[in-house]
Amino acid sequence: VLGLKRGMKILDLACGQGRLTIEFARRGYVMTGQDINAFFLKQARQSARRAGVAVRWIKSDMRRIPFAGEFDAVLNLFTSFGYLESDAEDQKVLRQVANALRAGGRFVMEVINRDRLMRVYRERDWRQLADGTNVLYERRFDVLTGRNLERRRKIRPDGTATEVHLAVRLYALTELVNMCQRAGLRRDAAYGDYDGSASTMDSQRCILITEKAAPPTLS
């Protein structure tokens, strides 16, 4: 879909432990992985060495991408957008993405489909992991801010427990399109999943592809 060729430069923004970054590097792309989590980046470096691939790893906040006009594509996948303090802070990320792309470069954002989630929303849920750990979820969706607030409690087989709290801004597709446009990224395509299906209210995912417009030529 992106028309990328081997040797093109890609930024995996919020790369975590580099699972996708390393796979793209295996396929011949020149990869940069950026994340704010030093522990994840340490794991990513070790995994890249084991895989025998070269990746440039950057520790930085998403609002500070230290490149300009560098990349043929920027990827932000698996709902890695919306964890900042406000919509205004999220908008800063998109401006940085636009700045980091070359003219004509593409930005791919993939998040959970808010429209579908609202139709199947569950305030309480639980699941059991393979090691017998039970994970209990308590959620509340703030309709005023569009934020999903979640308490996640893990209870291990030995009785010990840990708890984390998450807050993520869940954007509708039309909101993401408008935010990208304000950052100088025009909509190119939207899909409901990686099979290329159309984006609908029932789609599992929301995949938005935008393009950085070329600057106007002087006549």
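This short talk covers the cysteines and strand β11 of the structure above.

The model is predicted, so local features need pLDDT of at least 70 and side-chain atom pairs count only at pLDDT 80 or more, while totals for chains, interfaces and linings use all residues. Residues are numbered from 1 along each chain as its sequence is written, and side-chain values use heavy atoms, with hydrogens and water left out.

Cysteines to begin with. How many disulfides are there, taking a disulfide as a pair of cysteine sulfur atoms within 2.5 Å? The count is zero. For cysteine 15, the nearest cysteine sulfur belongs to cysteine 180 and is 20 Å away. Cysteine 180 has its closest cysteine sulfur in cysteine 206, at 10.0 Å, which is too far for a bond.

Next, burial. Buried means under 20% relative accessible area, exposed over 50%, and partly exposed in between, with a 1.4 Å probe and protein chains only. Cysteine 15 is buried at 9%, and cysteine 180 is buried at 1%.

Cysteine 206 takes us to β11, residues 205–212. Strands here are DSSP runs of E, at least two residues, numbered from the N terminus. Eight of the eight residues of β11 are buried, so the strand is largely enclosed by the rest of the structure. One side carries Arg205, Ile207, Ile209 and Glu211, the other Cys206, Leu208, Thr210 and Lys212, and all are buried.

Which strands pair with β11, if pairing needs at least two DSSP bridges? Strand β5, residues 101–112, pairs with β11 in the antiparallel sense over seven bridges, and isoleucine 112 stands opposite arginine 205. Strand β10, residues 185–191, is also antiparallel to β11, joined by six bridges. There, tyrosine 191 stands opposite isoleucine 207.

Methods
A disulfide is a pair of cysteine sulfur atoms within 2.5 Å. Helices (H or I, at least four residues) and strands (E, at least two) are DSSP runs, numbered from the N terminus. Two strands pair if DSSP finds at least two bridges between them.
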